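Open the model in your viewer and keep the sequence panel beside it.

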Amino acid sequence: MKVKKYIYSAFVFATVLSSCQKLEEKPYGLVNTSSFYKTEADANSALAYAYSILPEVGYYSRGYYIITELPTENLTQKGDAGVSNFELDEIRTTPANADLDNLWTYLYRGIARANSVIANVPNVEGITAANKNQIIGEGYFLRALHNFNLVRLFGAVPLRTDVIADAGQVPMAKSSISDIYNLIESDLKNAEGLMSVAKNKEGRANKVAAQALLAKVYLHLASSKSYNSPGYAFVDDAETKYTNAKTYAAKVINEQSVFGFTNTLVDIWNTALYKTSGSVTEHIFDAAVDRLGVREGEYTKLPNMFLGSDRPMSIPYNPSNPSSPVINIGQGWNHFRTEAGHYNSYANNDRRKTDLIVSSYTNSGTVYNLDINSASRPFSRKFIDPGRDADKMNANSPIIRYSDILLVYAEAAGPSEGYSAVNRIRARAGLGDLPPSLSVKAFRDAVILERAWELAFEGNRLFDLRRTNGMEKMAQDYRKTITSGAYFFPIPQRELDTNPLMKP
């Protein structure tokens, strides 16, 4: 089920909710669902509405990457970017940061929509138990995803689990980081139990997605405790959490029928391949888009953030294959600029550098080389769509992919069992195996570095640095000066002003 196929129903659902608000004369933002959630079609529309938040510009089609990539060594921004971008890049965020405020809003909108599915779909009649369970399970998955993003970004935040039907429910105090993780774990276990293994159509979660996200949650807890990351002293046993992460990652790795390892790097990012129905893909869960959509959020402009702006570009589809066809990728806005430190950290023969970062292109027969120290820098080709229709593009935003979970398994398992997983990643990149006989700590550090190369520009690096207590070292190595927001960003000022229970 592609989300775009349900956009009309989602808009109808939103209109119904808006109409209910007007008829009941309730404060803005409150919802009356008494006239909805009557049929299976209503339940599907509500679920589509919950999913439709993900590819919005303020979330996975732009805002998420601004916030998770700029504070790391991966990306900086163009010179005329907004003030909030510079605050993030220089790790001096304030409660007034517009980018943080924007994502905060989208996260809580997503939670509200997921809460509505969880609360109301169980009462829908005329729907099979399997279909009902699947929809409710996806609601739990989405709520867990939003809360996992919230707690990793902001730390202790309000934990909203009820549908807001009265203005008196709006003010809410922070919950502890521990309580938030308890709900995330519970939601994902509920999702795992309710959803099927069958691969849903593009843009929807299944049991494997829940297991994959739970593996990432357990790894975040384990490593945060093991590395003494701020805010995670409550974790009582890092080794148990590592074992849990390994167990759930293994479930994903062993479920080869729906998701699997892609042997050629560029094929992972080929929209024509990974969007093909029935194909085995690395994309366990994405924020799905379609260039046939009528508004941004149904399609995406995210690739323009990475692509250079000088002129239209043509590149070989696979630089490692001399007979590879040439593809036209257009031109973009050059907003995200690759940091020299990250670019230079790759081995020169690493295919994740030579194949997945564009360092030269052709235009009308002329070859142009990109200089990492100039304004027109090498850029990631993970987010491209050769079939783009002007600025309407088909590139999904990856949220969980198979190689991420392979590396989760390797890190959680440690050197006794993790070598084969990380070396599989390295072999595809054209590199040799990790040195044998590494200590547990040295091995895990090596896997975390491997994640920096493998998952670059996908919104993982900030969280990997935070959970391994590595922000200060990163800042020192890459000449950044941390003023605020290293491990948790400040709560947006608008929330502090309108929610009196949030104030100290």
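What follows is a list of selections and what each one shows.

**Before starting**

This is a predicted model, in which local features need pLDDT of at least 70 and side-chain atom pairs count only at pLDDT 80 or more, while totals for chains, interfaces and linings use all residues. Residues are numbered from 1 along each chain as its sequence is written, and side-chain values use heavy atoms, with hydrogens and water left out.

**Stop 1: helix H7**

Select residues 177–194, which make up helix H7. Helices (H or I, at least four residues) and strands (E, at least two) are DSSP runs, numbered from the N terminus. The expected span of a helix is 1.5 Å times one less than its number of residues. For the 18 residues of H7 that gives 26 Å, and the end C-alpha atoms are 26 Å apart, which agrees.

Now colour the buried residues of H7: Ile 177, Ile 180, Tyr 181, Leu 183, Ile 184, Asp 187, Leu 188, Ala 191 and Glu 192. Buried means under 20% relative accessible area, exposed over 50%, and partly exposed in between (1.4 Å probe, protein chains only). What do the buried residues of H7 pack against? Their partners are helix H6 (129–154), helix H8 (207–226) and helix H9 (238–254). Contact here means heavy atoms within 4.5 Å.

**Stop 2: the largest nonpolar core**

A nonpolar core is a set of buried Ala, Val, Leu, Ile, Met, Phe, Trp, Tyr and Cys residues joined through side-chain atoms within 4.5 Å. The largest one holds 143 residues, of which Leu 54, Phe 141, Phe 154 and Phe 285 touch the most other members. Select Leu 54 and show its surroundings. Not counting residues up to four places away in sequence, Leu 54 touches Tyr 59, Tyr 60, Ser 61, Leu 142, Leu 145, His 146, Phe 285 and Ala 287.

**Stop 3: aromatic rings**

Rings of Phe, Tyr and Trp (its six-membered ring) pair if their centres lie within 6.5 Å; planes under 30 degrees apart count as stacked, over 60 as edge-to-face and the rest as tilted. The whole structure has 22 aromatic pairs. In one of them, Tyr 60 and Tyr 64 have ring centres 4.5 Å apart and planes at 40°, so the pair is tilted. Tyr 60 is buried at 1% relative accessible area, and Tyr 64 is buried at 5%.

Next select Tyr 346 and Trp 453, whose ring centres are 6.3 Å apart with planes at 35°, so this pair is tilted. Tyr 346 lies in the loop between helix H13 (340–345) and helix H14 (351–354), and Trp 453 in helix H17, so the pair ties together parts that are 107 residues apart in sequence. Both Tyr 346 and Trp 453 are buried.

To see an aromatic cluster, select Tyr 59, Tyr 60, Tyr 64, Tyr 65, Trp 269, Phe 306, Phe 336, Phe 383 and Phe 457.

**Stop 4: salt bridges**

A salt bridge is a side-chain nitrogen of Lys or Arg within 4 Å of a carboxyl oxygen of Asp or Glu. By this rule there are 34 salt bridges. Select Glu 73 and Arg 461, which meet in one of them at 2.8 Å, N to O. Glu 73 lies in the loop between helix H3 (63–69) and strand E1 (75–77), and Arg 461 in helix H18 (residues 461–467), so the pair ties together parts that are 388 residues apart in sequence. Glu 73 and Arg 461 are buried.

Move to Arg 401 and Glu 454, where the closest N and O atoms of the salt bridge are 3.2 Å apart. Arg 401 is in strand E10 (residues 397–401) and Glu 454 in helix H17 (residues 440–454), 53 residues apart. Glu 454 also forms a salt bridge with Arg 428, with the closest N and O atoms 2.8 Å apart. Arg 428 sits in helix H16 (residues 415–428) and is buried, with a relative accessible area of 6%.

**Stop 5: Leu 307**

Finish at Leu 307, in the loop between helix H12 (302–306) and E3. Leu 307 is buried, with a relative accessible area of 1%. Leaving out residues up to four places away in sequence, its contacts include Met 313, Ile 329, Trp 333, Phe 379 and Arg 388.
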